[in-house]
Amino acid sequence: MDHFEGINFSELMCGIEAAPGYLKPVVKVATGGTTGSSLAICGYHNVASGIYNNVLVIGWEKLNEGGATTGIITAFDPVWERPSLAGALGPLALMAGMYSAKYGITAEQAAKVTVKNRSNAANNPFAHLQMPNITIDYVMSSQMISYPLRLHDCCPQSEGACALIYANEQETKKITDNPAWFHAVETAHYYTFGTDDKMYDLPTATIASKKAYKKAGIKNPVKDLDVAEIYEPTSWSELSWTEALGFCKPGEGGKLLDEGITQMSGEFPINPSGGVLSTNPIGATALVRVAEAATQVMGRGEKRQVPDVEKALAMGFGGSLWTEILILGKEPLR
Amino acid sequence: MSKKKGQEKVFEIKWKTDLPYRYSIGKLAVKFFEELKENKKIMGSKCSKCGKVHSPPRAVCAECFIEMTVEDMIELSPRGTLEGFTVVNYPFTDPNTGGLRPFPYGYAIFKLDGADTYTMHFVDETDYTKLKVGQRVEAVFKEKREGNIGDILYYRVIKNED
């Protein structure tokens, strides 16, 4: 994305070396944190509409040449917002504090999310921070970055890329006998101005997921879905987002975690890949969620595979508090 | 002598580029900054349909799609309630200055008395244990005001409110 890589129009490099786009239509999609899920949804529309038979979708980030916080600040209003805004983490810290104040969620519950996700990451060869022996104490004694967020409550800055191949039904048969099928894609925007929002939850996740569940025939997401890859930029966010996505009632994100439901061994594992807390190459991050959901549906997750996955949810989250939801299935939705 | 990876001397070309541009802030914001500079007043805008008071002033009510004009602007109290806060404690380049943003600093959202939306600004406290959602706060103005958001230096917690 512009500003993060220190160069605008980085897609101009897609001709030959970086991606096989030479003499083919190349479309750039950049929507902030949701870039990867927007890419995934655009890829779906391009093929599902019948316009293209095969599409290659690539998301990437090369963060060390930019500076995510600085880049993110430039996405906001120069007069009202930029002077005090501290990129993504400042507002996310503020949201975490408001969420905690409203529902009594504790720092220990947040730390448990990091422990879960970074332990999961140890099973994922593509994860950035693999910490099989991480403890709650280790997270809770790490440096305070932006109260209540400690260093290990926050996602890292990663470099990385992710690519997905899309094909229509006919072409798919030539490629694989084990594809992942799209069941639903949804985007929800809510944002008009930063401080219009409630800030203690994520209304767009509720709007987008409700629509997606309806399309995909999902009545109870925890029972009807088998796994979710959600976009949790902080440990606190995962707890809050699980509520907004309807996995539990408002205020019960901590309880859902404490009951072990979202663990690898639980009824409904969240982020077997290690999630965003373990790997965050921003422009690829939400596409990784979709790729990991597809991996689970195709049964190719090896050590991070959840048994017998029929349906998986992937979520993208962006700086202006918008949400994208994709639901994939082992069988086509008829 | 062998050097560790990452310590090799690299060929470097350094330059600086200015990218000036004009940003239209709209008539309501002009009025806001005029009142702030001349009269130390904080203004919001009130939707004529739903009555929602926007702070900072907005030209369109997002819920009603109703346009608001300078005539719809009302004065707000410089006092309000702390709704959310953090203490930013990490270094980054400030795109407004090109230099490092001084840290740590208190960053918060407030609901000014009479307003329905949040106001975002600095809070004059870097010890997070001293901040609490629900605390009363007030704006501290700059002596020589210039007509920008920096004319409100920060908000401070009111110890004993009358």
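Trainee: What makes the contact between the side chains of B:Glu161 and B:Arg136 a salt bridge?

Mentor: In this predicted model, the N to O distance between the two side chains is 2.8 Å. The cut-off for a side-chain nitrogen of Arg and a carboxyl oxygen of Glu is within 4 Å, so the pair qualifies.

Trainee: Which parts of chain B does the pair tie together?

Mentor: B:Glu161 lies in the segment after strand S8 (152-157) and B:Arg136 in strand S7 (residues 136-141), so parts that are 25 residues apart in sequence are tied together. Both residues also belong to a network of salt bridges, with B:Arg79, B:Asp113, B:Glu138 and B:Arg156.

Trainee: Why is B:Arg136 called partly exposed?

Mentor: Its relative accessible area is 22%. Buried would require under 20% and exposed over 50%, so B:Arg136 falls in between. B:Glu161, with 35%, is partly exposed as well.

Trainee: How do you know that A:Lys255 and A:Glu259 meet in a salt bridge?

Mentor: The N to O distance is 3.9 Å. That is within 4 Å, so the pair counts.

Trainee: What is the distance between the closest N and O atoms of B:Glu146 and B:Lys142?

Mentor: They are 2.9 Å apart, and the two residues form a salt bridge. B:Lys142 is partly exposed at 25%. Over all chains, the search finds 19 salt bridges.

Trainee: Why is helix H4 of chain A called largely enclosed?

Mentor: Of its 15 residues, 11 are buried, so the rest of the structure largely encloses H4(A). Among the buried residues are A:Val113, A:Lys116, A:Asn117 and A:Arg118.

Trainee: Which helices do the buried residues of H4(A) pack against?

Mentor: Helix H5 (136-140), helix H9 (235-244), helix H10 (253-258) and helix H11 (275-278), which belong to chain A.

Trainee: How does the reach of H4(A) compare with the expected span?

Mentor: From the first C-alpha to the last, helix H4 (residues 107-121) reaches 21 Å, close to the 21 Å expected at 1.5 Å a residue.

Trainee: Where does A:Asp196 lie, and what does A:Asp196 touch?

Mentor: A:Asp196 sits in the loop between strand S5 (181-188) and helix H7 (203-216) of chain A. Leaving out residues up to four places away in sequence, A:Asp196 touches B:Ala62 and B:Thr117.

Definitions and conventions: Residues are numbered from 1 along each chain as its sequence is written. Chains are lettered from A and ligands numbered from 1 in the order in which they are written. This is a predicted model: local features need pLDDT of at least 70, side-chain atom pairs count only at pLDDT 80 or more; totals for chains, interfaces and linings use all residues. Side-chain values use heavy atoms; hydrogens and water are left out. Helices (H or I, at least four residues) and strands (E, at least two) are DSSP runs, numbered from the N terminus. The expected span of a helix is 1.5 Å times one less than its number of residues. Buried means under 20% relative accessible area, exposed over 50%, partly exposed in between (1.4 Å probe, protein chains only). Contact means heavy atoms within 4.5 Å.
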